[in-house]
Amino acid sequence: KMEYIFSTYKPHCVYHAAAYKHVPMMEDHPCEAVQTNVLGSKNVADMALAYNAENFVMISTDKAVNPSSIMGASKRIAEIYIQALSSHSSTRFITTRFGNVLGSNGSVIPLFEKQIKEGGPVTVTNRDIIRYFMTIPEACSLVLEAGNFGKGGEIFIFDMGEPVKIREMAEEMIRLSGFEPYKDIDIIFTGLRPGEKLYEELLYDKETHNPTYNKKIMVRNVREQNIKEILPLLNQLIETSYTCNKMEIVKCMKQIVSEFKSINSEYEILDKH
């Protein structure tokens with residue numbers, strides 16, 4: 001299908017945003033995470049290269065930083081492959097990394113609105129959990145801008161502003177709806193889900209980054225990825241994904257992403273060996 005699309009339309013610019021984003025669901029189905037988030041990204045990137053697209057912009061996530069989940073690790077592996085392609089290509093392969101987008105599919109705000117409308121309770125995983133947010137227009141604008149001035153091989157990190165406590169967001173939404181939190185509408189704390197962190201990071205601790213002419217966009221100083229080293233590991237991971245052997249799939253992922261440490265997950269046993 002990708003071959004048909006690229007050979008027919010020969011796009012100049014490719015913005016690759018397709019991915020499974022649901023963290024607990026990907027913990028249950030790592031085979032699907034690999035086949036969509038890794039193999040799917042590889043397919044589109046390979047076509048961009050084969051059909052001489054001018055640039056390819058990978059939409060990544062803050063969950064790819066020190067990943068604690070299958071979803072985050074799958075996006076990090078896609079980042080690594082995109083970076084590896086950029087070192088020997090006329091196509092400019094660029095990665096953008098940011099947090100949650102308000103109003104996007106799976107966003108917490110529509111869920112809270114629905115729960116408030118139904119009279120509660122509003123569900124929050126942990127009273128201290130925080131997340132970064134930006135609006136859809138802001139995210140799209142920054143992605144387009146980074147894709148335009150990126151030279152290839154960079155990871156651009158967007159300034160997400162101050163992190164937001166999800167509990168406080170829920171309380172404020174209840175008040176704005178004319179109710180009193182914990183009295184008219186209760187908030188219950190359900191516990192962190194598999195693979196979920198209390199807070200997300202936009203940079204690795206060891207990474208350094210530099211400003212660009214847009215103060216909302218930073219560029220990370222990246223270590224060059226070797227395609228000859230990455231490709232055999234990637235192919236092994238993709239092949240293993242068809243077995244649906246969850247432990248073996250995740251073991252392969254951890255071989256590629258050494259900083260991938262599972263949290264609140266059945267795969268934590270793999271980090272002890």
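Predicted model: local features only at pLDDT ≥ 70, side-chain atom pairs only at ≥ 80, totals over all residues.

Biologist: Is glutamate 200 buried or exposed, and why do you say that?
Modeller: Glutamate 200 is buried, because its relative accessible area is 5% and buried means under 20%.

Biologist: Which residues does glutamate 200 touch?
Modeller: Leaving out residues up to four places away in sequence, glutamate 200 touches Asp62, Lys63, Ile130, Arg131 and Tyr132.

Biologist: How many cavities of 30 Å³ or more does the structure hold?
Modeller: The count is 1. The volume of the largest cavity is about 40 Å³.

Biologist: Which residues line the largest cavity?
Modeller: Glu200 is one of them. By type, the lining has 1 nonpolar, 3 polar and 3 charged residues.

Biologist: Backbone next. Where is the cis peptide bond?
Modeller: Look at glycine 120 and proline 121, which a cis peptide bond joins, with omega about 0°. Proline 121 sits in the loop between helix 5 (108-117) and strand 5 (122-124).

Biologist: What about phi of asparagine 66?
Modeller: Phi is positive there, near 40°, in a residue other than glycine. Asparagine 66 is in the loop between strand 2 (55-61) and helix 4 (70-86). With 22% relative accessibility, asparagine 66 counts as partly exposed.

Biologist: And what is phi of asparagine 264?
Modeller: Also a positive value, near 50°. Asparagine 264 lies in the segment after helix 9 (246-256). Its relative accessibility is 38%, so asparagine 264 counts as partly exposed.

Biologist: Let's switch to strand 2. How many of its residues are buried?
Modeller: Strand 2 is mostly covered, with 7 of its 7 residues buried. Asn55, Val57, Ile59 and Thr61 point one way, while Phe56, Met58 and Ser60 point the other way. Both sets are buried.

Biologist: In which sense do strand 1 and strand 2 pair?
Modeller: Parallel, over 4 bridges, with strand 1 covering residues 13-16. Cysteine 13 has asparagine 55 in strand 2 as its bridge partner.

Biologist: Over how many bridges do strand 2 and strand 3 pair?
Modeller: That pairing is over 7 bridges, in the parallel sense, and strand 3 covers residues 92-98. Isoleucine 59 has threonine 96 in strand 3 as its bridge partner.

Biologist: On to helix 7. Which of its residues are buried?
Modeller: Helix 7 spans residues 166-176, and its buried residues are Ile166, Arg167, Met169, Ala170, Glu171, Met173 and Ile174.

Biologist: Why would residues three or four places apart point the same way?
Modeller: An α-helix has 3.6 residues a turn, so residues at that spacing point the same way.

Biologist: What covers the buried residues of helix 7?
Modeller: The cover includes helix 5, strand 5, strand 6 (130-131), strand 7 (133-135), strand 9 (164-165) and strand 10. Just after helix 7, glycine 178 has a positive phi of about 90°.

Biologist: Now pockets. How much space lies in the largest pocket?
Modeller: About 1,200 Å³. Its lining has 42 residues, and Lys21, Asn100, Asn105, Gly106 and Ser107 lie nearest the centre. Strand 2, helix 4, strand 4 (100-102), helix 5, strand 5 and helix 6 (136-149) each give two or more residues to that lining.

Biologist: Which element gives the largest share of the lining?
Modeller: Helix 6, with 5 residues. The lining of the largest pocket divides into 23 nonpolar, 12 polar and 7 charged residues.

Biologist: I also spotted proline 137. Where is it found?
Modeller: In helix 6. Proline 137 is exposed, because its relative accessible area is 60% and exposed means over 50%.

Biologist: Last one. How many Å apart in space are proline 137 and arginine 167?
Modeller: They are 25 Å apart, C-alpha to C-alpha, and 30 residues apart in sequence. Arg167 is among the buried residues of helix 7, whereas proline 137 is exposed.

Definitions and conventions: Residues numbered from 1 in each chain as written. Heavy atoms only, no water. Buried < 20%, exposed > 50% of the residue type's maximum accessible area, 1.4 Å probe, protein only. Contact = heavy atoms within 4.5 Å. 1 Å grid on protein atoms, 1.4 Å probe; cavity = no way out; pocket = protein on both sides within 12 Å on 5 of 7 lines; lining within 4 Å. Points joined across faces, edges and corners; volume = space filled by probe spheres on them. Nonpolar A, V, L, I, M, F, W, Y, C, P; charged D, E, K, R; others polar. Pairing = 2+ DSSP bridges.
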